[in-house]
Amino acid sequence: AEDMVQILKTSEGSIIRQYEQTFAAYGIEVLFKDDGLRRIAELAIEENTGARGLMTVCERIFRDFKFELPSTNVKRFVVTRELVDNPVVELQKLLEQHEKEERSVIRQLVYDFAERFEQEHKIRITFTEEAADLLVQSSLEQNIPVRDLCASKFKDFQFGLKLIAQNTGQQEFVIDKNVVEAPDKVLSDWVVQSYRNESGTQPARPSES
């Protein structure tokens with residue numbers, strides 16, 4: 001096994017160097033840990049084909065990684081013993097972790113949109129968690145930057161909300177799931193309600209259900 005590890009590390013045209021270069025072509029960095037290399041060597045010995053077994057084992061391990069990762073924004077991964085023994089499971093973990101991180105960033109961009117809206121129009125909009133989640137999901141499914149998605153969905157809100165503010169004095173608005181699903185209809189309803197509001201109280205905020 002130690003001889004196989006040395007072949008992996010130091011041989012001319014090293015297999016792991018080839019894989020590093022293959023993934024690097026997609027902008028992905030690979031770090032081979034010693035326990036991962038040793039496990040590759042152990043599996044290669046079981047192939048009973050000498051050094052050629054290393055290529056067979058590596059191809060089996062990294063086949064799905066080469067297929068899946070280039071279409072994602074994953075930029076690096078570590079080859080451990082666990083990954084060598086369970087490549088499918090570890091790939092799924094990697095993709096799920098990346099998706100979780102990506103969703104977190106997109107959610108922050110939703111809240112950033114609200115902050116910029118307030119800075120530009122002097123009216124505060126606040127997204128509920130459900131509304132933010134729906135925008136994140138729509139951004140991922142439609143492959144549209146979430147800022148562009150928000151700009152499109154809420155393109156008329158600066159005008160409508162300013163009109164409501166003039167009619168009622170309301171300066172803060174809650175954007176919930178219902179608003180995200182039908183922004184034009186909800187905004188229209190709010191504007192109409194603001195004109196009918198003869199009592200001087202603010203229009204009802206959208207439901208958070």
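Q: Which helix does I61 lie in?
A: In this predicted model, I61 sits in helix α4.

Q: Why is I61 called buried?
A: The cut-off for buried is under 20% relative accessible area. I61 comes in at 4%, so I61 counts as buried.

Q: What does I61 touch, leaving aside its neighbours within four places in sequence?
A: I61 is in contact with I40, L83, V84 and P87. Then there's V88: I61 and V88 are 27 residues apart in sequence, yet 8.3 Å apart in space, C-alpha to C-alpha.

Q: Which residues of α3 are buried?
A: I40, one of the I61 contacts, is on that list, along with G36, L37, R39, A41, E42, L43 and A44. The cover over these buried residues includes α1, α2 (15-24), β1 (29-32), α4 (52-68), β2 (76-79) and α5 (81-85).

Q: How do you know that the span of α3 agrees with its 14 residues?
A: Take 1.5 Å a residue: α3 should span 20 Å, and its end C-alpha atoms are 20 Å apart, so the two agree. After α3 comes N48, with a positive phi near 60°.

Q: What makes the crossing of α1 and α3, and which hand does the crossing have?
A: The axes of α1 (residues 2-10) and α3 (residues 34-47) come within 8 Å and cross at roughly 115°. The crossing is right-handed. From α1, the residues involved are E2, M4, V5, L8 and K9, and they meet D34, L37, R38, I40, A41, A44 and I45 of α3. Sorted by type, the contact has eight nonpolar, no polar and four charged residues.

Q: How do you know that the span of α6 agrees with its 35 residues?
A: Same sum: at 1.5 Å a residue α6 should span 51 Å, and its end C-alpha atoms are 51 Å apart, so that agrees. Just after α6, K122 has a positive phi of about 60°.

Q: What makes the F173 and W190 pair stacked?
A: The ring centres are 5.8 Å apart and the planes 25° apart. Under 30 degrees counts as stacked, so that's the label. F173 is in strand β4 (residues 172-175) and W190 in helix α11 (residues 183-196), so the pair ties together parts 17 residues apart in sequence. F173 is buried at 2%, and W190 is buried at 6%.

Q: Which residues do ring pairs link into a cluster?
A: The cluster takes in F113, F117, F127, F154, F157, F173 and W190.

Notes: Residues numbered from 1 in each chain as written. Predicted model: local features only at pLDDT ≥ 70, side-chain atom pairs only at ≥ 80, totals over all residues. Heavy atoms only, no water. Axes fitted to C-alpha atoms, helices over the stretch in contact; angles between N-to-C directions. Helix = DSSP H or I, 4+ residues; strand = E, 2+ residues; numbered from the N terminus. Left-handed = near helix turned anticlockwise from the far one by under 90°. Contact = heavy atoms within 4.5 Å. Nonpolar A, V, L, I, M, F, W, Y, C, P; charged D, E, K, R; others polar. Phe/Tyr/Trp six-rings, centres within 6.5 Å; stacked < 30°, edge-to-face > 60°. Buried < 20%, exposed > 50% of the residue type's maximum accessible area, 1.4 Å probe, protein only. Expected span 1.5 Å × (residues − 1).
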